[in-house]
Amino acid sequence: NAGVTQTPKFQVLKTGQSMTLQCAQDMNHNSMYWYRQDPGMGLRLIYYSASEGTTDKGEVPNGYNVSRLNKREFSLRLESAAPSQTSVYFCASSSRTGSHTEAFFGQGTRLTVV
Amino acid sequence: AQSVSQHNHHVILSEAASLELGCNYSYGGTVNLFWYVQYPGQHLQLLLKYFSGDPLVKGIKGFEAEFIKSKFSFNLRKPSVQWSDTAEYFCAVTGRGNQGGKLIFGQGTELSVKP
């Protein structure tokens, strides 16, 4: 059982380039999330999708867009990368069964923007 | 505003010492509480969780946490740490019935255990 799979694991971009981070889960979860992790700041929510067909902004959405392609997949796009977007990005998913909203995380994507 | 505050940014302990990491949250309504652990170079893994019932919850690897509603706290404890507990620890909260169960994380506490 793969859980949450993110691609790529590492990426270096030049300022102004665009890219899409892919995320897929095989746990039939309704909710999916994108977080960024920066030293001393914990994980900050970029965007989330409560269910297929819906997306909402989190704490730090500027410079990002998302697509909930289907129930399994939730992608994060950087249209014009900036050095401030250098970070480790984590995708997560959770089920909304009852009140059990434990999240499962992918392995992360380490992105460097030069 | 919804927030989670972890009191310590970096804790250094010797093996066999006792551990307590503080976590306070600000969140209206009923909450679910979590502690996640991130070992060096790895993704976040669930350490333990509180949804309801006994406020003292036990997790993996000998960790436990106590939910004190009156203090809005969910502190993590372990009686005797090991070198392998070196990791970063994150407290997180989500509200019951909120949109998608989104997790709000604290800043993290880096734990270094000296052999």
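Modeller: Strands here are DSSP runs of E with at least two residues, helices are runs of H or I with at least four residues, and both are numbered from the N terminus. This is a predicted model, in which local features need pLDDT of at least 70 and side-chain atom pairs count only at pLDDT 80 or more, while totals for chains, interfaces and linings use all residues. Residues are numbered from 1 along each chain as its sequence is written, chains are lettered from A and ligands numbered from 1 in the order in which they are written, and side-chain values use heavy atoms, with hydrogens and water left out.

A:Ala2 belongs to the segment before strand S1 (4-7) of chain A. Its relative accessibility is 57%, so A:Ala2 counts as exposed, given that exposed means over 50%, buried under 20% and partly exposed in between, with a 1.4 Å probe and protein chains only. The C-alpha atom of A:Ala2 is 6.9 Å from that of A:Asp26, although 24 residues separate the two along the chain.

Turning to the rings, there are 15 aromatic pairs over all chains. Rings of Phe, Tyr and Trp (its six-membered ring) are paired if their centres lie within 6.5 Å, and planes under 30 degrees apart count as stacked, over 60 as edge-to-face and the rest as tilted. For A:Tyr64 and A:Tyr89 the ring centres are 5.9 Å apart and the planes stand at 65 degrees, so this pair is edge-to-face. Because A:Tyr64 sits in strand S7 (residues 64-68) of chain A and A:Tyr89 in strand S9 (residues 87-94) of chain A, the pair ties together parts 25 residues apart in sequence. Both A:Tyr64 and A:Tyr89 are buried. A:Phe90 and A:Phe105 also form an edge-to-face pair, since their ring centres are 6.5 Å apart and their planes lie at 80 degrees. This pair, too, links distant parts of the chain, with A:Phe90 in strand S9 of chain A and A:Phe105 in strand S10 (residues 103-105) of chain A, 15 residues apart. A:Phe90 and A:Phe105 are likewise buried, and ring pairs join them to A:Tyr33, A:Tyr35, B:Phe34, B:Tyr36, B:Phe51, B:Phe90 and B:Phe105 in a cluster.

As for the pockets, the search runs on a 1 Å grid over the protein atoms alone: a pocket is an open set of points with protein on both sides within 12 Å along at least five of seven lines, a cavity is a set where a 1.4 Å probe fits but cannot get out, and lining residues have an atom within 4 Å of a point. Points are joined across faces, edges and corners, and volume is the space filled by probe spheres set on them. The largest pocket holds about 590 Å³, and of its 30 lining residues A:Gln37, A:Val88, A:Arg110, B:Gln38 and B:Gly41 lie nearest the centre. Its largest contributor is S11(A), with four residues. The second largest pocket has about 260 Å³; its lining comprises 17 residues, and among those closest to its centre is B:Phe105, a member of the ring cluster described above. Strand S5 (42-49) of chain A, together with strand S1 (3-6) and strand S11 (104-105) of chain B, are the elements that give two or more residues to this second lining, and S5(A) gives the most, with three.
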